[in-house]
Amino acid sequence: MIRLGQRIVRSDALRRVLCAVIALYIRLVYATSRWTVEGGAAAQRHFRDKRPFILAFWHGRLLMMPMAWPRDLPIHMLISGHRDGRIIADAVGHFGIASIAGSSSRGGLAALRAMVKTLKDGACVGITPDGPRGPAMQASAGIVAAARLAQVPIIPLAYATRRRRVMKTWDCFHLAFPFTTGIHLWGEPISVPAEADEAEMARYRKEVEDALNALGREADQRMGHDAPPFPSVPLLPTGEGRGEGGDAPRSSPHSERTESALTLPSPAGRGFENEERATIEDGGR
């Protein structure tokens, strides 16, 4: 399987085919299902006023997120440069979503600079704050660092479907099935003050994490699922007609990040040089 994945990435033709199939499946699920959108008033106001924001959602609920975004509005996704990230970048490109290459090198400074510049240029940025390797459903500090520097709010989003399979992956990936019922739940904007210190940054990071987990639990419950609070807790047995499948992985969600595009430096933290901070706050120019 690993060799197959490496072969796909190394072959532009195979990668394009795989990404086209993924995009086609997303469209199939959306077109054959009944969808409800709730809580999107704040996002709609930002759309109407052309004000950028950071869209936040968990890595495990990535599949149907492109269908929650208006096709005529620009958005960039922060996606890691490793094998899986390249496939995701090409797949979401079918929906008009551009990508920002994230990197764990130099503490993610280049990725943070690119995000802030994109936001200041007026485009939204989508981030999975637990990606690309976890711990699942735990937000990294990078998302609040970007929000603070760009002075844009973070708006959380979650989705769930009645028929699905929760995969045995590190992120408990939610694979939605066609011919189902689904819901996109938007949360309230979370704004990080420009003068936030290290303690406040930690509090806002936790607020983002709690909001995403709360939205995910509510979306699951609305679709008839009893969702565990953390991926390490096994899912409850499947009920008839739920379409749920697969147990959550037994590994602890507190495992060390092996590679993360979102392990970004906090401007309030140590090791963040004044010159680098000034460069980012100036939009990366």
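Mentor: Happy to! A salt bridge here is a side-chain nitrogen of Lys or Arg within 4 Å of a carboxyl oxygen of Asp or Glu. Bear in mind that this is a predicted model, where local features need pLDDT of at least 70 and side-chain atom pairs count only at pLDDT 80 or more, while totals for chains, interfaces and linings use all residues. Residues are numbered from 1 along each chain as its sequence is written, and side-chain values use heavy atoms, leaving out hydrogens and water.

Searching the whole structure gives ten salt bridges. Let's begin with D49 and R51, whose side chains meet with N to O at 3.5 Å. D49 has a relative accessible area of 39%, so it is partly exposed; that class lies between buried (under 20%) and exposed (over 50%), using a 1.4 Å probe and protein chains only. R51, at 38%, is partly exposed too.

Now move to D220 and R61, where the closest N and O atoms of the salt bridge are 2.8 Å apart. D220 belongs to helix α7 (residues 198-222) and R61 to the loop between β2 (54-56) and β3 (75-80), so this pair ties together parts that are 159 residues apart in sequence. The helices (H or I, at least four residues) and strands (E, at least two) are DSSP runs, numbered from the N terminus. Both D220 and R61 are buried.

H174 is worth a look here, because its contacts include both R61 and D220; contact means heavy atoms within 4.5 Å. Beyond its neighbours within four places in sequence, H174 also touches G60, L63, Y159, R164, R165 and V166. H174 sits in strand β8 (residues 174-176), and its relative accessibility of 8% is why it counts as buried.

Back in helix α7, D210 and K206 lie four residues apart, about one turn of the helix. Their side chains form a salt bridge at 2.8 Å, N to O. D210 counts as partly exposed because its relative accessibility is 36%, and K206 is partly exposed at 37%. There is also a network of salt bridges to find on your screen, linking E38, E218 and R222.
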